[in-house]
Amino acid sequence: MEVLVTDRRLAEVEADALLVGVRGETVDPALDRALAGVISDVVNRGDLRSAKEEVLVLYPHQGPAAPAAGRILLVGLDEKPTLEMLREAAAKGAAKAEKLGATRLATTLAQIVPSGYTLTQAAAAVVEGTVLATYRYEELKTATKKSEPPLAELTLVLSDKPGVSAARRGADQALAVTRGVTLARDLVNAPGNVATPTVLAQRALAIAERAPFIKVRVYDRAQARELGMGAFLAVAQGSAEEPRFIVLEHRLDQFPDQPPVVLIGKGITFDTGGINIKPSEGLHEMKDDMSGGAAVIGTFAALAEMNLPLPVVGLVPATDNMPDANSFRPGDVMTNMSGKTIENQNSDAEGRLVLSDALAYAERYHPHAIVDLATLTGAMVVALGRGLIGAFSTDTELLNRLKQAGEATGEPLWEMPLYEPYAKFLESDVADIKNVGPRWGGAITAALFLKYFVPEGVPWAHLDIAGVAWNHRERKPKPAYLTPGATGAGVRLLIEFLQSYLRP
Ligand code: BES
Ligand code: ZN
Ligand code: ZN
């Protein structure tokens, strides 16, 4: 999408539709005048009281004050709008514009700045909402099945020159970030036979090609064996598809003395459950089991277009989990890269196995902090539903930073307990640890398993994104900027989290 930013008068802004926000009962006098009293009319009649309402379409008559756009789309906001409301309003407007066949949309929404935030952030939210709402996954459709051309242009209308430059910054940032979200959605929507570990690695390498300050290194099966990644390789051994351990490094040379933040993403490109095979109902959805990995790769795609002076590492252990004559068995004992031994008691608890080797690999960076993202447990979905990320952390400062980022991006997380007594459930008769506890509290024992492999003394947070990675039909509330299928969860959150280190 092309985003233009202008301070031209509304009557002169060219577009197929003009999207305007109405804030509860508030009438912006300048805007009302420019639109020949349309806003005060709607407010007086009480036709658009809140953010919950549908979009209204008006067809202003020609006259000196009529905007060049033939249609005005009115979208409701609360008296005190949030960033999320702006995202939502932009998304609803964009969807409506597309339905009307518009390809060029203009909006004054970025002029509404939620309290506590900047105009730059407001503009970013508007662009995010627009771009993400018009996302489609049509790579695998032939021409006759593809939909009409989507919205191609968005013009942000500001009231003055300083507004224009602040909004421009926000728009550019949002364009970078949404390219990351879009990549993550594409990777997750792509089925298991398309988004293979090899393809994930190729996408990571392509990012490094565009950005000289990002280095990517990919380990294959033999190289992972040399590193001693026994848990990762055990999961991979039943698959004909070659596994890849993907390492992305952002600006490490530039900040040699600064410990990097390490981001780890579960990259199970398809989770059948292995020998503990899953029931067939909904099994096709297990192509989303690399959502954590997709979020990490998407984050680096965004970083490639941004200028964040921060050392960051991304680790994605990528493999299928298949039942096969070569599969690892329940009862098998593997040695993790750190030398710790693991008894496999359930081959469907494979995510924590591949992550354990990534956590061990992270040690070489002496990280400032480690954050992992994983569609790790069904139990997380039971506990928090489809609207929240479950967050486990050994460090309050790190957790608060992530929580604030979740608040700002509309990717909320909820703290979960690393309840140490439950570590007892993971005691094995034959190895140092086993990979499953009892059914109840399954998200907690999964997190405690990971904690066992976190390098000594490094602040760590584990984000279980099993509930939010896929835009399920029953999800409520369902933000209008989510499209069918993958949500691209985590990318906006991680970028905001990284940026928080750069603020005073
Ligand atoms: N990928 C699944 C978790 C999952 C389940 C994500 C449903 C999204 C929706 C994970 O690998 C898994 O199968 N976990 C098991 C663990 C159990 C065997 C201890 C689970 O949650 O049932
Ligand atoms: Zn599994
Ligand atoms: Zn899994």
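This report covers a zinc site and the ligand beside it in a predicted model.

Local features need pLDDT of at least 70, side-chain atom pairs count only at pLDDT 80 or more, and totals for chains, interfaces and linings use all residues. Residues are numbered from 1 along each chain as its sequence is written, chains are lettered from A and ligands numbered from 1 in written order, and side-chain values use heavy atoms, without hydrogens and water.

**Zinc site**

Four residues coordinate the zinc ion (ligand 3): K266 (NZ), D271 (OD), D289 (OD) and E350 (OE), at 2.0 to 2.4 Å. Donors are N, O and S atoms within 2.8 Å of the metal (3.2 Å for Na, K and Ca); water is not among the atoms, so sites may look incomplete. The 6 donor atoms subtend angles of 78 to 174 degrees, so the arrangement is octahedral (six donors, opposite ones over 155 degrees apart and all others between 65 and 115). The donor residues follow the spacing K-x4-D-x17-D-x60-E.

D271 sits in strand β10 (residues 267-271) and D289 in the loop between β10 and α9 (291-303), so the pair ties together parts 18 residues apart in sequence. Strands are DSSP runs (E, at least two residues). D271 and D289 are both buried (under 20% relative accessible area, 1.4 Å probe, protein chains only).

**Ligand 1**

| Side chain | Distance to a ligand 1 oxygen |
|---|---|
| K266 | 3.2 Å |
| D348 | 2.7 Å |
| E350 | 2.9 Å |

Taken alone, ligand 1 exposes 520 Å², and the protein buries 75% of that (Shrake-Rupley method, 1.4 Å probe).

How values were computed. Tetrahedral: all angles 85-135°; square planar, octahedral: opposite > 155°, others 65-115°. Helix = DSSP H or I, 4+ residues; strand = E, 2+ residues; numbered from the N terminus. Buried < 20%, exposed > 50% of the residue type's maximum accessible area, 1.4 Å probe, protein only. Polar contact = N/O pair within 3.5 Å; in protein donor to acceptor, adjacent residues only side chain to side chain.
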